[in-house]
Amino acid sequence: MSLYKSGGGFIRAGLALAAVIMAAATLGAAGAAAQQPQAGQGTPIAPDMFAPKPAPIIQNIAVTGNQRIEAETVGSYLPIQAGMPAEEELLDLSLKTLFRTGLFSDVSVEMQPNGTLLIEVAENPIVNRVIFEGNRKLKDDKITEEIQLAPRTVYTRAKVQSDVQKIIELYRAKGRFAARVTPKVTPLDQNRIDVIYEIDEGPKTGIAKVNFIGNEVFTDNELRGVILTKESRWWRFFTNYDNYDPDRLEYERQLLREHYGKQGYADFQVVSAVAELTPDREDFFITFTVDEGPKYTIGEVRVKTTLAKLSGDVLVNYVPMRAGDTFDSEKIEQATESLTFATGTVGYAFVDVREQLTRHPESNTIDISFVVNEGPRVYVDRINIKGNTRTLDKIIRREVRLAEGDAFNRVLLDRSRSRIRSLGYFKEVSIEEKPGSAPDRTELDVSVEEQSTGSLSVGVGISSTENFIVDLSVEERNLLGRGQYLRFRVQASSRTRQVDLRFTQPYFLDRNLAAGGSIFNQRTDYEEAGFVRDRIGLGLNAGFQVSEYGRGGINYLLTRDKVEINYNDNQQIPLGFDPALILVPGVTPESVVVGDEAQLVSTDYCDFITNSLSPTCESRGSFLTSLVGLSLNFDKRDDPITPRRGWRAGGSVSVAGLGGDVNYYQVELNTAWYHPIIGDFIGALKGRAGYIDGYGGDLVRLSDRFFEGASTFRGFEVAGVGPRYYTGTPIYDEDTLEITGIRPRLRRDGDLYGQSIGAKIYAIGSAEILLPLPLPEQYGIRAALFSDFGTVGGVDGSTKALNDDPRFWIDTDGDGIGDLQPVQDDLSLRVTAGVTVSWDSPFGPVRFDFAKILRKEDYDETEGFRFSAGTSF
């Protein structure tokens, strides 16, 4: 009998069997002595008398002590089976194999005299719960993501030790180097346990001082601004960079190298980076020792190539460096990317770009040579989609511009990432290359991190435009993981009430064809223009790809509009006045008592001024609009969310009149261009333009015109820029009783009150500089300097009919004679400038616009500050 015990891994022979063997050996020796022949007889001794006996054969295998794990499962782990000899090496290997499974806390292997191999096991317990106690700075789910033990997993001491170390590392990353973790186990029935991690978080370890040694070109303060780590100060309660993180320290080295490399110090190196903990274990002193080296300028810049379609003289124009410039390591990388892109545009998908730097210490110059050769072809072996726990694989794959078996192309790879990001379903998107099944094969791992795409929210907000907003919406931008869009929204504010339902299928019938529809009911009070519109309708739309970067669309809109002219205070009209006689000289109402305001009554404005004279009354009534529109858009920005370079452009044409009561056509254009200026400063130029006009004898109604201002032209109020109509009460000559002018209506600030009547033409541009802020990106705070400029104007001739009769001009100087035309319209240039700040706060989006008016017309309505905010709960 042989026994293999797990406790010490020892092997011993059975005592009974040993005794038998020893007795047999003794008897054998005695018998041999008795029978030993006399000298000269020569009887031989048997040669196999002391040879080792063969290992017994295993007849069957029996397992005991198992509770949850089947005996067959235990047997499947063994390298030995029934019918094999029970050799010591195999039995020892079986013991170690069972231990390596992690399922057992104790194992013994024993060979029985009857040929049965008896395996006795003690199973490791099952984890019932994992409990964290004392953790206030780290939430349970954050720790759970990092540790191995979880409910319904097998407990082992190795896993506990690994979890303890991982939790300590998490706290050290938060700057708590005094954190302690004590694991405890609570036994339960059925071989289950609760694992409890008692956590003592300890005080937060801060940064007392960041020092630099060896720096002469840049001061300590300048270099502290380059690195992420900050000295602990009371006002830095929003950042985690004021604590020591050993992993971050290596990144700080890289940041310093990049900073010096951009300034011409190609030989710069960080000699050492040391973190010293204070005796009270509450703070660190971090010291960087640097060797700056000399500052270099660029000597010669050359490009060498063996490509047939391109010469070095052509490619050198794509290098953003010239002789005499200060050396910039960042531009080396930019040059490599530019040369790769330039060769890719003429058909070279595989190029190898290598830079060669030749230093001349005597003159502190560097010659730069780029060697561009055609590289070996590499093909895509597999495309793996990872991290999409909800979104279907095909939703992501259809945005990838490469297919399995295609030749690898980095331009298409970058485009694929941009397209996946533009879906808006994922927080992070990355595409990683790794070796494939052969040297000329590569695998692509498309890794995504899902983000919430659905919401059921009630929002409350305020703004300069709406005063208050209440918004109830149910929205899903990735319905069932299929990329479909669905929204039901109810919104109410001081000027708008609306209900709408929208649905879009981005790949209709699994083709690159979007299809969708909407139904809606809206009521909007355009108080700046003096009308209220009730609209009910439905829309159908379709979108299709016209090129890799271009997309077209077609839409149909059918609406029923009811427009009411809604002046806040009705015009004071003389009692019994006949509007048909208003233009007849010398005719006045006989019943009016001039100067007696008590005889003036409020009547409907449009009943007093005939439609031929009013710039707004012809728009009153109920209208059915049937509109068909076409659109075309191109987008070549490097990133659809936060672009740094590239451009986009688009346009649309709409025609109303295919049925319905309204006939007009409308054209709109838009464009934007982005480009880095210096460092992280990004420049942007944007533009919009539009034109609308009636046909078939129809004029453009008030509700269909363009109203610009507020967010569309910063520095002006809502509908504050463009044509305006001044109103008031009639002034009569005491002798002739004829109208001589209109007494103006005044605003609270004493200025003339005019109502926007919309425009037929607008062209608005914007120049912006996006500012890099010294704040973490996750704060969601952005700022930009801007200048908006453009013109808004143009109305139909009949809209200016009142300007032809001086009797309806506005009396601005109080002499009883009108001197200002009531309809003001001028396509002159307006210019504003200012700064805008936006914050994606935990309470909802917040935006501040500060604007200064540089050029405007007297009748424009301006605002220097605009604020909007909202929340969801």
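This is a chat about a few sites in a predicted model.

Q: Before we start, what are the ground rules here?
A: The model is predicted, so local features need pLDDT of at least 70 and side-chain atom pairs count only at pLDDT 80 or more, while totals for chains, interfaces and linings use all residues. Residues are numbered from 1 along each chain as its sequence is written, and side-chain values use heavy atoms, with hydrogens and water left out.

Q: Great. Where does Glu201 sit?
A: Glu201 is in the loop between strand 8 (192–200) and strand 9 (206–213). Strands (E, at least two residues) and helices (H or I, at least four) are DSSP runs numbered from the N terminus.

Q: Is Glu201 buried or exposed?
A: Glu201 is buried, at a relative accessible area of 3%. Buried means under 20% relative accessible area, exposed means over 50%, and partly exposed is in between, with a 1.4 Å probe and protein chains only.

Q: And what does the Glu201 side chain pair with?
A: A polar atom of the Glu201 side chain lies 2.7 Å from the backbone nitrogen of Arg136. The side chains of Glu201 and Tyr171 are also joined by a polar contact of 2.7 Å. A polar contact is a pair of N or O atoms within 3.5 Å; within protein, one must be able to donate a hydrogen and the other to accept it, and residues adjacent in sequence count only if both atoms are side-chain atoms.

Q: Which other residues does Glu201 contact?
A: Leaving aside neighbours within four places in sequence, the contacts of Glu201 include Gly134, Asn135, Lys137, Leu138 and Arg176. Contact means heavy atoms within 4.5 Å.

Q: Switching to the cores: how many residues are in the largest nonpolar one?
A: It has 22 residues, and those with the most contacts inside it are Val319, Met321, Ile368 and Phe370. Strand 12 (297–305), helix 9 (329–345), strand 13 (351–360) and strand 14 (365–374) each supply at least two residues of this core. A nonpolar core is a set of buried Ala, Val, Leu, Ile, Met, Phe, Trp, Tyr and Cys residues joined through side-chain atoms within 4.5 Å.

Q: What does Val319 touch?
A: Not counting residues up to four places away in sequence, Val319 touches Val301, Val303, Ala335, Leu339 and Phe370. There is also a second, separate core of 21 residues, with Leu90, Val107, Ile119 and Val121 among them.

Q: What about Thr306, buried or exposed?
A: Thr306 is exposed, with a relative accessible area of 64%. This residue is in the loop between strand 12 and helix 8 (312–315).

Q: Which residues does Thr306 touch?
A: Val372 and Asn373, not counting residues up to four places away in sequence. The side chains of Thr306 and Asn373 make a polar contact of 2.8 Å. Thr306 and Val372 are 66 residues apart along the chain, yet their C-alpha atoms are separated by 7.1 Å.
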